[in-house]
Amino acid sequence: MAVGLPASLTLGRIIEFLIGWIVSGVIIYVVLKLYPGKQKMESLWGAMLAALIGEAIYTFFNIIGIPYGTILALFVWLYAIKKMFNVGWGGAIIIAVLVYVFSGIVSLLGIPHLL
């Protein structure tokens, strides 16, 4: 008997996740370059890590299914941005808003992204 991937984990989903992760990482990288100042981890790898952490946070809160989980996930992600890039709460909020605006533009172009 062959052991395969779970039905929900297909090659197409893996490829979609990888493309979304790369696109989200690039979006965060561009936002970090536009945000004034020199942030800690202001590199493509830092941005890729931020995208992966953001996805993990939202997935965790989605899996546990608590009321207002999305709002809690947003605050946890803001805290992660604050710590990862060594910015204040205001800077984390500005970065997050810019990431969502750029993600919206990318979505209109039909390109998948994580956040």
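Trainee: How do the axes of α3 and α4 cross, and within what distance do they come?
Mentor: The axes come within 9 Å and cross at roughly 110°, where axes are lines fitted to C-alpha atoms, for helices over the stretch in contact, and angles run from 0 to 180 degrees between N-to-C directions. The two helices, α3 and α4, are therefore roughly perpendicular to each other, a label used for angles of 65 to 115 degrees, with under 35 counted as roughly parallel, over 145 as roughly antiparallel and the rest as oblique. Keep in mind that this is a predicted model, in which local features need pLDDT of at least 70 and side-chain atom pairs count only at pLDDT 80 or more, while totals for chains, interfaces and linings use all residues. Residues are numbered from 1 along each chain as its sequence is written, and side-chain values use heavy atoms, with hydrogens and water left out.

Trainee: Which residues meet where α3 and α4 pack?
Mentor: From α3, L74, F75, W77, L78, Y79, I81 and K82 meet W89, A92, I93, I95, A96, V99 and Y100 of α4, with contact meaning heavy atoms within 4.5 Å.

Trainee: OK, and α4 by itself, how many residues does it have?
Mentor: Helix α4 covers residues 89-108, which is 20 residues, and reaches 29 Å from its first C-alpha to its last, close to the 28 Å expected at 1.5 Å a residue; that expected span is 1.5 Å times one less than the number of residues.

Trainee: Which of its residues are buried?
Mentor: In α4 the buried ones are G91, A92, I95, A96, V99, S103 and V106, buried being under 20% relative accessible area, exposed over 50% and partly exposed in between, with a 1.4 Å probe and protein chains only. Seen down the axis of α4, these buried residues fall within an arc of 130°, so they line one face of the helix, the arc being that of the directions from the helix axis to the C-beta atoms.

Trainee: What do they pack against?
Mentor: The buried residues of α4 pack against α1 (11-34) and α3 (69-85).

Notes
Helix = DSSP H or I, 4+ residues; strand = E, 2+ residues; numbered from the N terminus.
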